[in-house]
Amino acid sequence: MSVVGVVLAAGPGSRFGGAIKQLAPFRGRPLVTWPVAALRDGGVDDVVVVLGAHAAEVAPVLDVPHVVAEDWADGVSASLRRGIAAAARRGADAVVVVLGDQPLLSGAAVAKLLDARDPDTAIAVRATYDGVPGHPALIESTMFTAIAELRGDTGARELLRGAAFVICDGLGSPADADTPDMLALLAT
């Protein structure tokens, strides 16, 4: 069974002060490379990054395949649909979804989700931190068709109400860097 990591990094980063957020330096590397590393460290079989607003600028820093969500301005659902479709073409039985601006995600959290995976009993597995669901989120292929129907600036949260939860306290952080100040805070 194949599990593909999907990094959602298509947005314009409108709160990032005009800079391309995906390329913002974090501990010596572009921000978008950190969640890619967490997926690899966690043991997914393949990784694909979904780009959009700044695809031409971001693609050269990636060492994994990428796809472009041409309709990225329609919201996160467009990126999620594009990532799921790319993973399905790669033969995915499940995906692990992370956001491209989460530099402190850990491979240990990804591995914990993979270990908890049971496609016979759960449609998804979600990490929780201090009791709050977050990323990474593992989604079984049985949900791919429903995700393809999503529209607007919404993710799969409503579809994943039947997800199993895995406590990932102490295994990195799901915090995202929406602004330069938030990124600086995460770097400390």
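Lys21 is buried, with a relative accessibility of 12%, where buried stands for under 20% relative accessible area, exposed for over 50% and partly exposed for values in between (1.4 Å probe, protein chains only). The model is a predicted one, in which local features need pLDDT of at least 70 and side-chain atom pairs count only at pLDDT 80 or more, while totals for chains, interfaces and linings use all residues. Residues are numbered from 1 along each chain as its sequence is written, and side-chain values use heavy atoms, with hydrogens and water left out.

Lys21 joins Asp178 in a salt bridge of 3.6 Å, N to O; the term applies to a side-chain nitrogen of Lys or Arg within 4 Å of a carboxyl oxygen of Asp or Glu. Asp178 also meets Arg15 in a salt bridge, at 3.1 Å from N to O. Because Asp178 lies in the loop between strand 9 (164-167) and helix 6 (180-187) and Arg15 in the loop between strand 1 (3-9) and strand 2 (25-26), this pair ties together parts 163 residues apart in sequence. Helices (H or I, at least four residues) and strands (E, at least two) are DSSP runs, numbered from the N terminus. Asp178 is buried at 13% relative accessibility, whereas Arg15 is exposed at 53%. Arg15, Lys21, Asp101 and Asp178 are linked in a network of salt bridges.

Elsewhere, Asp63 and Arg40 form a salt bridge whose closest N and O atoms are 3.1 Å apart. Asp63 is exposed, with a relative accessible area of 57%, and Arg40 is partly exposed at 41%.
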